[in-house]
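Dear colleague,

I am handing over the structure below, and I would be grateful if you could look at it alongside the notes that follow.

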Amino acid sequence: MTERSGPLTFGQLSVWRDVRSLPEERAANANVATSLSLPPGTTVESVQRALRKVVARHGSLRTTYDLSEWDGPMQTEHHEPLTWPVTVVDHDDDPVGGLDIEKDHGWLVKIVADNGHATSLSLVNHHIVADAGAQVVLREDITKALDGSLGEATGPLDLAARQQAPASRARNAAAVDNWRRSLSEPAEVAWADGPGTVQASLTTADLIPATERIAARAEVSASCVLLTAYLTAVREFAPVDEVPVRLMSANRFSAVTQDLVTSLNQWVPMWWPGVDGDFRAALADLQTRSLKAYRLGTYDPAAVAAFRPSRPKWEEPVWGFNFITGRPATVGAGEPTVRVEPVGNLFGHRFYLRAFASGTLRLRAGGLDTEVVGKLLGRIHELVLTNAKVAG
């Protein structure tokens with residue numbers, strides 16, 4: 001295979017628009033990290049061989065980027081990696097700075113080894129190279145490659161070509177029109193006018209089991225249950241009837257994209273007028289609304305930027321939501337605890353809830369104090385547990 005060049009995918013372009021103005025001291029905000037424990041007796045050589053199979057399978061791991069054109073970045077897929085960004089260490093506690101994806105492939109792996117045996121590996125990549133969903137694919141593929149071979153997979157260049165082909169024109173137009181309609185609505189969130197940004201997390205062992213009980217009884221997704229609790233709590237705390245929402249769409253809804261290693265995530269807009277006093281009715285309403293929104297989750301960010309306000313996402317008074325799967329619950333039993341954390345980055349929106357399948361709710365909010373953020377998290381948890389009891 002010779003070198004191939006082409007534009008970025010819509011998901012990659014969305015990331016690029018978020019990170020291209022990051023100051024140098026926040027360059028590491030664009031990194032995504034994951035780790036993998038290895039079976040006892042795994043040799044360093046076998047891990048190296050497995051990684052070569054994975055790199056051969058995924059074109060994004062053999063891609064370099066030309067970001068010199070502000071609105072027209074390009075990517076080039078190579079037959080072989082220009083460098084081999086895999087090192088062997090006896091421990092891994094060194095922070096990784098901002099990866100320069102114009103100078104290398106934007107990813108690196110550290111194999112942690114003891115006397116020639118690999119105990120774990122750490123993978124860090126620039127968000128343009130792979131999102132959190134893609135890292136799940138990478139962990140699974142590394143595990144498979146340790147036991148056998150892997151097939152071929154398409155790369156981001158093929159996806160970018162499909163997204164910009166004439167056959168996708170109507171779908172792209174509908175997705176952009178969805179943004180246009182959403183931005184025509186006024187976003188009144190004057191309630192949050194304090195200084196600074198607060199981030200806090202609530203971790204509890206009972207959140208996900210309760211969520212799954214509600215989801216099974218109501219025949220909705222677990223994501224929808226947590227979204228409903230979140231937006232219900234927002235309407236109780238904030239003086240708004242209709243809530244402007246941004247949903248993180250994974251865009252891995254087809255056989256073509258589900259195993260693709262690249263960045264596919266994009267924010268998709270939705271407005272929720274609310275359903276008073278009936279959690280079950282709110283679930284049904286939000287299941288329908290969110291599914292319609294997710295269907296329009298792939299769009300050309302440049303087309304949206306043509307009429308969208310130019311301010312950064314984290315200044316927009318909307319409520320972002322992201323349900324993050326892929327990790328089993330690891331929290332112990334006991335009362336839920338809320339802990340205040342440093343604000344890791346400002347990706348996403350002014351109010352941003354990340355609900356993890358591991359049993360953690362992490363809320364970042366601009367203009368709210370710590371007490372209010374903690375109460376919001378507590379109310380989300382309370383709503384889930386209360387309605388789980390009703391669901392039986």
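The axes of helix H6 (residues 207-218) and helix H7 (residues 222-237) come within 8 Å and cross at roughly 105°, where axes are lines fitted to C-alpha atoms, for helices over the stretch in contact, and angles run from 0 to 180 degrees between N-to-C directions. H6 and H7 are therefore roughly perpendicular to each other (65 to 115 degrees; under 35 is roughly parallel, over 145 roughly antiparallel and the rest oblique). Helices are DSSP runs of H or I with at least four residues, numbered from the N terminus. Leu207, Thr211, Ile214 and Ala215 of H6 meet Ala222, Val225 and Leu226 of H7, contact being heavy atoms within 4.5 Å.

This is a predicted model, in which local features need pLDDT of at least 70 and side-chain atom pairs count only at pLDDT 80 or more, while totals for chains, interfaces and linings use all residues. Residues are numbered from 1 along each chain as its sequence is written, and side-chain values use heavy atoms, with hydrogens and water left out.

Helix H2 (residues 44-57) packs against helix H3 (residues 132-147) at an angle of about 125°, with their axes 8 Å apart, and that makes H2 oblique to H3. Among the residues making this contact are Val47, Ala50 and Leu51 of H2, together with Leu138, Asp141 and Ile142 of H3.

Best regards

How values were computed
Helix = DSSP H or I, 4+ residues; strand = E, 2+ residues; numbered from the N terminus.
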